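User: I would like to learn how to read a protein model that comes with ligands. Could we take a few features in turn?

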Amino acid sequence: MKKVAFVTGIAGQDGPYLAKLLLEKDYKVYGLMKRYSNPNLTNLEFLGIEKDVELITGDITDDGSMNHIIKNLKPNEIYNLAAQSFVGASWDLNKLTTEVNSLGPLNILNSIKMHSPSSKYYQASTSEMYGNSNGGRQDESTTFKPRSPYGVSKLYAYWMTVNFRESYSLHASNGILFNHESPIRGKEFVTRKITDGVARIKLGLEDKITLGNLDAKRDWGFAGDFVEAMWLMLQQEEPGDYVVATGEQHSIGDVLRIAFKHAGIENWESYVSSDPRFKRPAELHSLCGDPTKAEKILGWQRKTDFDGLIKLMVEEDIARLK
Ligand code: NAP
Ligand code: GDD
């Protein structure tokens, strides 16, 4: 019999990459989508799997909806990827962010406990939980000190996942994922904003890119590589919490330089400006993860390097706009 996986956030960035991986492993994949007047399946279509995933309408903030789905499916594996995931919006939308990112996972954990305690659970935790807690590399033992309402909301879900594991012996794991990107990354996130902007400049559709804080540094990997770590976590005998990162840090300047280089445009500085509109009330300056635990225990390795990731995104954005 096929294994059954239930993936929330199926139409975002990570959902389609994870669903593709699960389908290749012969899972039956059910994907949760919110109700929309005009549903957008573009990201699933990009990976060619829109017809292979069974879509279910629901919302993780609606406990009845979660109870109904989990009681009926009793999935072998549940991946909770749904979130208000844009850090920049989380100050203005702090209540919504909390309802979705904190209470949503709580609803799912309660449903698992009541209706399907043998389901294995993956919680999409994040390096945003570290804030500016240390200036070096972050691992599973680094103190959490979130700087954004998004980070705070995700920290609640992180600890609830640990608490359900310890209190009710659920197989519940946190993936503490550092930034990961792809050609289907939302255009409001900085890498895709840059690669889309570079493609527009290349094709003569725009003449500049306006960003916020140009000094931020991040550890950026490829979403297609990172979803494999999610799956590996749920294949372990014991649940646990794992940092998933590349271990390499880059600046926004590096993203810009490499993106313009792959588009064949020189003097990138002359196309870029900074506007306080895109700055945040509290900034997280520097992240760089240490993936040693995931590499040793899960046997996970990233395959795509930073240059290759930005190249992939720029080329795809140019092709799309052409
Ligand atoms: P994403 O592209 O924003 O996808 C999240 C999806 O969740 C969206 O399709 C969104 O729909 C949906 N959603 C929002 N609220 C929902 C609700 N109440 N019920 C059901 N679905 C809902 O994010 P991603 O980049 O794929 O990231 C996946 C997860 O990993 C998120 O939880 C994110 O916070 C976390 N994470 C991401 C990264 C990263 O670098 N990408 C790093 C660490 C952790 P709408 O867009 O229509 O609202
Ligand atoms: N979005 C955006 N737009 N960010 C900008 C801009 C801009 O115009 N200019 C500078 N930045 C800076 C942000 O201030 C931040 O320091 C950095 O670029 C990265 O911003 P995002 O790409 O929006 O990602 P993020 O790091 O805030 O959050 C992403 O990664 C988290 C993991 O660390 C999201 O995917 C989160 O959901 C995820 O948890």
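User: Does S153 count as buried or exposed, and at what relative accessibility?

Analyst: Keep in mind that this is a predicted model. The label "buried" is given under 20% relative accessible area. S153 has 2% relative accessibility, so S153 counts as buried. This serine is part of helix α5.

User: Which residues does S153 touch, not counting those up to four places away in sequence?

Analyst: S153 touches T97, T98, N101 and S102. With N101 there is also a polar contact, side chain to side chain, at 3.3 Å.

User: How many of the residues of helix α1 are buried?

Analyst: A general point about helices comes before the count. An α-helix has 3.6 residues a turn, so residues three or four places apart point the same way. In helix α1, residues 14-24, eight of the eleven residues are buried, so α1 is largely enclosed by the rest of the structure. The buried ones are D14, G15, P16, Y17, L18, A19, L21 and L22. Just after α1, D26 has a positive phi of about 70°.

User: Which residues come nearest to ligand 1?

Analyst: There are 26 residues around ligand 1, and Y36, D59, S85, Y150 and K154 come nearest. Sorted by class, this shell has twelve nonpolar, nine polar and five charged residues. Strand β5 (120-126) and helix α5 (149-168) each give at least two residues to the shell. The largest share, three residues, is from β5.

User: Where do polar atoms of the protein lie beside the oxygen atoms of ligand 1?

Analyst: Take the residues one at a time. For D14, a backbone N or O atom is 2.8 Å from an oxygen atom of ligand 1. For S85, an N or O atom of the side chain is 2.7 Å from an oxygen atom of the ligand. For Y150, a polar side-chain atom is 2.6 Å from an oxygen atom of the ligand. Ligand 1 taken alone exposes 890 Å², and the protein buries 85% of that.

User: What surrounds ligand 2?

Analyst: Ligand 2 has 24 residues around it, the closest being T126, S127, Y150, R280 and E283. By class, eleven are nonpolar, six polar and seven charged. A polar backbone atom of S85 is 2.6 Å from an oxygen atom of ligand 2. A nitrogen atom of ligand 2 lies 2.8 Å from a backbone N or O atom of E188, and a backbone N or O atom of G212 is 2.7 Å from a nitrogen atom of the ligand. Taken alone, ligand 2 exposes 720 Å², of which the protein buries 96%.

User: How many aromatic pairs does a search of the whole structure find?

Analyst: A pair of aromatic rings is described by the distance of the centres and the angle of the planes. The search finds twelve aromatic pairs. One of them is Y130 with F178, a tilted pair with 6.0 Å centre to centre and 35° between the planes. Y130 is in the loop between β5 and α5, and F178 in the loop between β6 (172-177) and β7 (180-181), so the pair ties together parts 48 residues apart in sequence. Both Y130 and F178 are buried.

Y158 and W159 make an edge-to-face pair, with 4.9 Å centre to centre and 90° between the planes. Y158 is buried, with a relative accessible area of 6%, whereas W159 counts as partly exposed at 48% relative accessibility.

User: Which residues form one aromatic cluster?

Analyst: The cluster is made of Y130, F144, Y158, W159 and F178.

Methods
Residues are numbered from 1 along each chain as its sequence is written. Chains are lettered from A and ligands numbered from 1 in the order in which they are written. This is a predicted model: local features need pLDDT of at least 70, side-chain atom pairs count only at pLDDT 80 or more; totals for chains, interfaces and linings use all residues. Side-chain values use heavy atoms; hydrogens and water are left out. A residue is near a molecule or strand if one of its heavy atoms lies within 4 Å of it. A polar contact is a pair of N or O atoms within 3.5 Å; within protein, one must be able to donate a hydrogen and the other to accept it, and residues adjacent in sequence count only if both atoms are side-chain atoms. Accessible areas come from the Shrake-Rupley method with a 1.4 Å probe; for residues, only the protein chains shown count as cover. Helices (H or I, at least four residues) and strands (E, at least two) are DSSP runs, numbered from the N terminus. Ala, Val, Leu, Ile, Met, Phe, Trp, Tyr, Cys and Pro count as nonpolar, Asp, Glu, Lys and Arg as charged, and the others, Gly among them, as polar. Buried means under 20% relative accessible area, exposed over 50%, partly exposed in between (1.4 Å probe, protein chains only). Contact means heavy atoms within 4.5 Å. Rings of Phe, Tyr and Trp (its six-membered ring) pair if their centres lie within 6.5 Å; planes under 30 degrees apart count as stacked, over 60 as edge-to-face and the rest as tilted.
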